[in-house]
Amino acid sequence: MTQLFTASALRVIDTELEGVQELKHIIDATFTEACELLMKCSGKVVVSGMGKSGHIGNKIAATLASTGTPSFFMHPGEANHGDLGMLSPNDVVIAISNSGETGELLGLLPVLKRLHIPYIAITQNPQSTLAQHAQIVLCIPVPAEACSLGLAPTTSTTVTLVLGDALAIALLDAKGFTSEDFALSHPGGSLGRKLLLTCADIMRTGADVPIVTECTSLTDALFVISEKGLGLTGVVNDGCIVGIFTDGDLRRVLDQKIDIHNSEVRTVMTPNGITVTPDTLAVDALNIMQQKAISAMLVVNDQHQVVGAFNMHMLLSAGVV
């Protein structure tokens, strides 16, 4: 049985790979025309299909929507019973049917024609009713379904999905859609947190920020570091930062046998130090911390005043790490 399972799986993969390879041959002027039609769409891109084609259409619509092309999926069966109200004259429809003769999809054509809504047909059959009435036809190559019975949609659905991805990413590139744009439509995901959170969103502020003056004794500076629990303190003069004193600096002080009771923090601090501004992206701050091998940072404003502080644990809690 093991050999049977393995042989069957490999045959499926080879068959579907052949279909995907054949897909390269339809990336031509017609594909470009489809992209241009979708680019000019001032409404929504409405994807529709029945059965397995519907499942693939749902994913294509989701990919389009998340990559800068407003889109949604419309079930053709439900559309024929009221959901056609979703459509507006400014929309473009992508209709998916392997045979091109799916009744529920064909039932939409009179309405699309009446509303002057263009549609792109994705089908294996260029002579089908769906293809004959479409403004653009993307004819998917299906050498054979991977199903040994030749019945279950397998190669056809894989090829359609890849074609949908090709459309979505071609539009993304043409529009100059950025990772920041992507994050705006994914605020709940880890990418959204990484690309949208700034230091201002995660930092401690007010009395929770460790700050001492230049003339503060080392003993008192160490008390502030311990009390605030971030492993460092900012050193200020007239409210502006002049240095940073950290746990690492303390180890250096002890190695040099400096009298911590009779020394001022300015004599052992790191002048200026590494800081960020409140609008610095948290992920950029994380990169700085990793490059500099530090575990905490101070946040300063344009006047070089300390306004916040955070450490690696806070970045971790915010989902940035």
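**Exercise 1. The start of the chain**

In which helix is Leu4 found? Work out also how exposed Leu4 is, and which surface patch it belongs to.

*Solution.* The model is a predicted one, in which local features need pLDDT of at least 70 and side-chain atom pairs count only at pLDDT 80 or more, while totals for chains, interfaces and linings use all residues. Residues are numbered from 1 along each chain as its sequence is written, and side-chain values use heavy atoms, with hydrogens and water left out.

Step 1: Leu4 is found in helix α1, which covers residues 2-23; helices (H or I, at least four residues) and strands (E, at least two) are DSSP runs numbered from the N terminus.

Step 2: Leu4 counts as exposed because its relative accessibility is 52%, where buried means under 20% relative accessible area, exposed over 50%, and partly exposed in between (1.4 Å probe, protein chains only).

Step 3: Met1, Leu4 and Phe5 make a nonpolar surface patch of about 380 Å². Patches are made of residues with over 30% relative accessible area and no salt bridge, like charges being joined within 9 Å and nonpolar side chains (Val, Leu, Ile, Met, Phe, Trp, Tyr) within 5 Å; the areas come from the Shrake-Rupley method with a 1.4 Å probe, and for residues only the protein chains shown count as cover.

**Exercise 2. The sheet that holds β12**

Describe the sheet that contains β12, its strand order and its edges, and then state how covered β12 is.

*Solution.* Step 1: the strands follow the order β10-β11-β12 in an open sheet of three strands with mixed pairing, two strands being paired if DSSP finds at least two bridges between them. Its edge strands are β10 (275-276) and β12, each of which pairs on one side only.

Step 1: β11 (residues 296-300) and β12 run antiparallel and are joined by five bridges.

Step 2: five residues lie between the strands of the β11 and β12 hairpin, where His304 takes a positive phi near 65 degrees.

Step 3: β12 (residues 306-311) is mostly covered, since five of its six residues are buried. Helix α14 (residues 282-292) lies across β10, β11 and β12 and runs at about 130 degrees to β11; such angles run from 0 to 180 degrees between N-to-C directions, with axes fitted as lines to C-alpha atoms, for helices over the stretch in contact.

**Exercise 3. Salt bridges**

How many salt bridges does the structure hold?

*Solution.* Step 1: the structure holds two salt bridges, each being a side-chain nitrogen of Lys or Arg within 4 Å of a carboxyl oxygen of Asp or Glu. Side chains of opposite charge can pair when their charged atoms come close.

Step 1: Lys59 counts as partly exposed at 36% relative accessibility, and Asp165 counts as partly exposed at 26%.

Step 2: Glu264 is partly exposed at 28% relative accessibility, as is Arg266 at 42%.

**Exercise 4. Residues in loops**

Where does Thr154 lie, and which residues does it touch? Then examine the phi angles of Asp238 and Asn272.

*Solution.* Step 1: Thr154 lies in the loop between β5 and α8, and it is buried because its relative accessible area is 18%. Apart from residues up to four places away in sequence, Thr154 touches Glu16, Glu145, Ala146 and Cys147, contact meaning heavy atoms within 4.5 Å.

Step 1: most residues other than glycine have a negative phi. Asp238, although not a glycine, has a positive phi of about 55 degrees; Asp238 is found in the loop between β7 (232-237) and β8 (240-246), and it counts as exposed at 75% relative accessibility.

Step 2: Asn272, also not a glycine, has a positive phi of about 65 degrees. Asn272 lies in the loop between β9 (270-271) and β10, and it is exposed, with a relative accessible area of 52%.
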